[in-house]
Amino acid sequence: MLALDIRNLNKKYPHFQLKDVSFQLEKGYIMGFIGANGAGKTTTIKSILNMVRMDSGEVHILGKNIVEHEIELKQEIGCAFGGVDFYTRSKMKTLTHVIKKFYKNWDDETYYNYLRRFKLDENKKIAELSAGMKVKYNLAIALSHGAKLLVLDEPTSGLDPAARDDLLDIFQELVLDGEISILFSTHITSDLEKCADFITFIVNGQIIASSEKNEFMESYRLLSGNESQLNRVKERLISYKINSFGFTGLIHSRDFDSSSDIKATTPNLEEIMIYFAKKEDMHV
Ligand SMILES: Nc1ncnc2c1ncn2[C@@H]1O[C@H](COP(=O)(O)OP(=O)(O)OP(=O)(O)O)[C@@H](O)[C@H]1O
């Protein structure tokens, strides 16, 4: 079953548009949503959640159309956009008391289990929570109302390496039984190398790829060589950089002859993003 099914989503702003965005997330997996600043990640996420109106396209969450079933689906979705920036002078328990009334499946026992698991003290004021604690608090809320799909916009940004690692372990634990699925956007690609099953890559409002993580990385090759080797492949490179030894450049695996004498390695997610950004710069 698909946790998320996005088909031909279009949304136009005066200076930006999402163009035929389509991708699917199978239930029980973690998908990393990557793209440069301004590529359209937040706009896609807000459209998925019906927080902004799409111009065209269809979004199904857990088999139901979000526009037609928004109220019931919101019971099954947990979302987090950065921290908790409201009710900051209230204690966590006061805020929880307000929030839980919106959810018919709210379960206090689950909530207190997660507070213990995440080492959160409900007598703390929201303003006193660190960035990591705020993300965990959001997760505790989502999981206590039985959310089956977690949509998280940059959940690990602003966290120190240990807090990020802790959170990534939690994400992996959450999807273990196959009931919960997670879509999360981030710039911190090493987080995705650790915990994502699938990667969706958006460039300038268009989905460039959406596939299993290793398959995604293997679909590109990072080449390095001298000037004459560069001249042989230049036309087919996504982009390249010149350095004192010659060049390094990114190419689609399908465009590269693996029997060639040019050194080729599998790029990591960061390198793929960097060379795509460089391509965009070259076309400006
Ligand atoms: N309400 C709006 N009205 C007009 N333009 C908007 C609106 N919201 C976003 N945009 C534009 O849409 C583009 C994509 O923004 P979006 O926030 O979706 O990108 P992003 O990939 O999430 O970026 P970042 O990584 O910086 O958060 C940007 O150029 C932004 O200025």
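1. Let us start with a question: which residues are linked with Lys64 in a network of salt bridges? They are Glu72 and Glu76, which together with Lys64 make up the network. Please keep in mind throughout that the model is predicted.

2. Now look at how strand 1 is joined to its partners. Strand 1 (residues 2-13) and strand 2 (residues 16-26) run antiparallel and are joined by 8 bridges. The two form a hairpin, with 2 residues between them. To follow the pairing by eye, find Leu2, which stands opposite Glu26 in strand 2, and then Leu4, which stands opposite Leu25 in strand 2. Strand 1 also runs antiparallel to strand 4 (residues 56-61), with 5 bridges between them. There, Ile6 has Val59 of strand 4 as its bridge partner. As background for viewing, side chains in a regular strand alternate between the two faces of the sheet.

3. How many salt bridges does the structure hold? The count is 13. One of them joins the side chains of Glu179 and Lys27, at 3.6 Å from N to O. Glu179 sits in the loop between helix 6 (161-175) and strand 8 (181-185), while Lys27 sits in the loop between strand 2 and strand 3 (30-34), so this pair ties together parts that are 152 residues apart in sequence. Glu179 is partly exposed, at a relative accessible area of 34%, and Lys27 is partly exposed too, at 25%.

4. A second pair to visit is Asp261 and Arg232, a salt bridge whose closest N and O atoms are 2.7 Å apart. This pair links distant parts of the chain: Asp261 is in the loop between strand 13 (246-252) and strand 14 (263-265), and Arg232 is in helix 9 (residues 227-233), 29 residues apart. Asp261 counts as exposed, at 54% relative accessibility, whereas Arg232 counts as partly exposed, at 45%.

5. Lys100 and Asp108 also form a salt bridge, with their closest N and O atoms 3.3 Å apart. Lys100 is partly exposed, with a relative accessible area of 23%, and Asp108 is partly exposed with 35%.

6. Finally, please take a look at Glu122, in the loop between helix 4 (108-117) and helix 5 (131-144). Is Glu122 buried or exposed? Glu122 is buried, yet it has no salt bridge. The nearest side chain of opposite charge is Lys93, 5.1 Å away, and a salt bridge needs the nitrogen within 4 Å of a carboxyl oxygen. What Glu122 does have is a polar contact of 3.4 Å between its side chain and that of Tyr112. Leaving aside neighbours within four places in sequence, the residues in contact with Glu122 are Lys91, Met92, Lys93, Tyr111, Tyr112 and Leu115.

Methods:
Residues numbered from 1 in each chain as written. Predicted model: local features only at pLDDT ≥ 70, side-chain atom pairs only at ≥ 80, totals over all residues. Heavy atoms only, no water. Helix = DSSP H or I, 4+ residues; strand = E, 2+ residues; numbered from the N terminus. Buried < 20%, exposed > 50% of the residue type's maximum accessible area, 1.4 Å probe, protein only. Lys, Arg positive; Asp, Glu negative; His and termini not counted. Polar contact = N/O pair within 3.5 Å; in protein donor to acceptor, adjacent residues only side chain to side chain. Contact = heavy atoms within 4.5 Å. Pairing = 2+ DSSP bridges.
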